[in-house]
Amino acid sequence: MSAFKSDFLNVLSQRGFIHQASDAEGLDALAAKGQATAYVGYDCTAPSLHIGNFLTMMMLYWLQQSGNKPITLMGGGTTMVGDPSGKDETRAIRSVAEIEANKASIRGVFAKVLRFGDGASDAIMLDNAEWLTKLNWIEMLRDVGKHFSVNRMLTMDSVRLRLEREQEMSFIEFNYMVCQAYDFVELARRTGCRLQMGGSDQWGNIVMGVDLGRRMGTPQLFALTTPLLTTASGDKMGKTAKGAVWLNAEQFSPYDFWQYWRNTEDADVARFLKLFTTLPLGEIEKLSALQGAEINEAKKALADAATTLLHGADAARQAAETARQTFEEGAIAQNLPTVEIPLSELDAGLGVLSAFVKAKLVTSNGEARRHIKGGGLRVNDVTVTDEKMTLSPANLTPEGVIKLSLGRKNHVLLRPA
């Protein structure tokens with residue numbers, strides 16, 4: 001017997017998306033009627049979203065599949081303020097031009113997962129700069145600010161944890177939750193939006209919006225959060241040797257994205273199949289039952305499905321074939337991530353430490369030295385033992401590249417231009 005009446009909450013529950021809900025019964029009734037218009041907000045702090053955002057995009061995907069309407073809210077206004085959640089220091093203030101450039105770079109990723117249009121359950125995209133930047137300060141204080149208790153704001157994790165660690169919080173950051181709460185009210189008025197979803201770190205901000213809606217006369221609003229993403233070993237999910245797992249191909253190639261999922265810990269495969277793919281639960285159950293070396297087939301299925309969803313079937317097939325050539329045949333696959341360098345740098349002798357930094361396999365010469373001491377760096381599959389080694393045209397393979405490797409699974413081709 002299903003725990004909920006609505007397909008939406010049943011799917012989210014069965015797949016492990018639900019952490020907290022403000023009124024699950026009321027939300028369930030709304031979603032069962034196809035009236036659960038919901039939004040997730042995405043600030044424009046970087047040119048790409050990351051894997052944590054992919055999780056909330058999947059929540060919007062299942063919302064749409066169940067006949068309800070998703071809204072992707074671009075944070076053109078809130079990015080000017082800066083979300084203090086989970087941060088010890090104030091976020092860097094970004095210029096309007098930088099925010100606009102990031103927003104333009106981010107926008108396209110949503111169409112990979114959601115269907116946009118004018119239909120009842122088609123997704124729409126809005127930008128909170130449209131209303132936040134037009135607010136009059138005195139009117140905002142009088143009409144919206146009067147509904148906020150500073151006592152309660154001080155108990156919110158985004159504020160309380162910062163103060164407990166004796167880290168300064170600026171007045172502009174303190175206002176972030178006011179802006180986010182007002183977004184919810186504005187969307188309720190403009191679009192009939194009744195639900196805000198987000199990560200568990202957003203719970204306090206979201207319920208502030210639910211409460212503000214009640215005080216400002218909207219219909220009942222709802223909050224729904226997803227669990228914090230961690231791996232089975234307790235690490236925060238989404239970090240690799242190359243840094244964050246970005247969703248834009250320009251920041252993190254489809255091959256790297258495929259490889260990230262292929263390297264999933266055994267204990268995480270079942271959970272990630274449910275969260276990051278649209279594979280049926282019956283198929284996921286069969287894949288999750290694989291043991292020993294066969295678990296690698298489940299990891300490949302996860303990598304294929306997640307990469308297909310975000311980058312398309314052709315990119316997923318190409319990534320899988322590149323991985324097969326690299327690892328099973330020991331060949332240099334030309335589809336590996338590539339960094340171009342001037343031929344003159346090789347002619348002059350390119351230091352091996354600098355080469356690995358240029359390839360973004362390490363962040364500094366010091367990190368490269370540490371990996372060399374541990375035997376973790378290779379050039380053309382030969383372990384680097386001398387940190388003073390230089391690369392020259394003599395190191396070019398017959399394919400005209402130099403293959404740099406960090407560990408067994410991170411590879412970049414240096415190609416002279």
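This is a predicted model: local features need pLDDT of at least 70, side-chain atom pairs count only at pLDDT 80 or more; totals for chains, interfaces and linings use all residues.
**Cysteines**

The disulfide count is 0. A disulfide needs two cysteine sulfur atoms within 2.5 Å. The sulfur of Cys 44 has its closest cysteine sulfur in Cys 179, 14 Å away, so the gap is too far for a bond. Seen from Cys 179, the closest cysteine sulfur is that of Cys 44, again at 14 Å. Both residues are listed below with their relative accessible area.

| Residue | Relative accessible area | Class |
|---|---|---|
| Cys 44 | 0% | buried |
| Cys 179 | 13% | buried |

**Nonpolar patch**

Trp 137, Ile 138, Leu 141 and Phe 171 form a nonpolar surface patch of about 470 Å². Helix H8 (residues 137–143) gives the largest share, 3 residues. Phe 171 sits in helix H11 (residues 171–174). Phe 171 counts as exposed because its relative accessibility is 57%, and the cut-off for exposed is over 50%.

**Helix H13**

Helix H13 spans residues 203–215, 13 residues in total. From first C-alpha to last, H13 reaches 18 Å, close to the 18 Å expected at 1.5 Å a residue.

How many of the 13 residues of H13 are buried? The count is 10, and the helix is mostly covered. Among them are Ile 206, Val 207, Met 208, Val 210 and Leu 212. The buried set also includes Asn 205 and Asp 211, along with Gly 204, Gly 209 and Gly 213.

After H13 comes Gly 217, with a positive phi near 85°.

Definitions and conventions. Residues are numbered from 1 along each chain as its sequence is written. Side-chain values use heavy atoms; hydrogens and water are left out. Buried means under 20% relative accessible area, exposed over 50%, partly exposed in between (1.4 Å probe, protein chains only). Patches are made of residues with over 30% relative accessible area and no salt bridge: like charges are joined within 9 Å, nonpolar side chains (Val, Leu, Ile, Met, Phe, Trp, Tyr) within 5 Å. Accessible areas come from the Shrake-Rupley method with a 1.4 Å probe; for residues, only the protein chains shown count as cover. A salt bridge is a side-chain nitrogen of Lys or Arg within 4 Å of a carboxyl oxygen of Asp or Glu. Helices (H or I, at least four residues) and strands (E, at least two) are DSSP runs, numbered from the N terminus. The expected span of a helix is 1.5 Å times one less than its number of residues.
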